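Trainee: Please take a close look at one single part of this model with me. I'd like one connected walk-through, cut-offs included.

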Amino acid sequence: MSTRLYIAAVLSLMVAGVLFGIGAIPVLMIPALSAKASLLLPIVVVLSIVLTPPIAWKLAPKLRATPHRP
């Protein structure tokens, strides 16, 4: 497996958590949305799972170590 895939795999855990938090906080904090939380939270979970791989794949090359040039 490539280095990019390893980095993306590790990064995907953090990206998924952030995406879930970004979606879950408004659902739970806004009263109109929290009334439908039993429907909206599974949607947030599915969206975070679907969006995580492309975002992690895009961010992975930016996290590679670069050689130090004095």
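Mentor: Let's start with leucine 41, which counts as partly exposed because its relative accessibility is 23% (buried is under 20% relative accessible area, exposed is over 50%, and partly exposed lies in between, with a 1.4 Å probe and protein chains only). Keep in mind that this is a predicted model, so local features need pLDDT of at least 70 and side-chain atom pairs count only at pLDDT 80 or more, while totals for chains, interfaces and linings use all residues. Residues are numbered from 1 along each chain as its sequence is written, and side-chain values use heavy atoms, with hydrogens and water left out.

Leucine 41 sits in helix H3 (helices are DSSP runs of H or I, at least four residues, numbered from the N terminus). If you skip neighbours within four places in sequence, leucine 41 is in contact with Ala24, Val27 and Leu28 (contact being heavy atoms within 4.5 Å).

Now for the pair itself. H1 and helix H3 (residues 37-59) pack at about 150°, with axes 7 Å apart; the axes are lines fitted to C-alpha atoms over the stretch in contact, and angles run from 0 to 180 degrees between N-to-C directions. H1 and H3 are therefore roughly antiparallel (that label means over 145 degrees). The residues of their contact split into 20 nonpolar, four polar and two charged (Ala, Val, Leu, Ile, Met, Phe, Trp, Tyr, Cys and Pro are nonpolar; Asp, Glu, Lys and Arg are charged; the others, Gly among them, are polar).

Elsewhere in H3 we find serine 48, which is buried at a relative accessible area of 7%. Beyond four places in sequence, serine 48 touches Ala16, Leu19 and Phe20.

Definitions and conventions
Helices (H or I, at least four residues) and strands (E, at least two) are DSSP runs, numbered from the N terminus. Angles under 35 degrees count as roughly parallel, over 145 as roughly antiparallel, 65 to 115 as roughly perpendicular and the rest as oblique.
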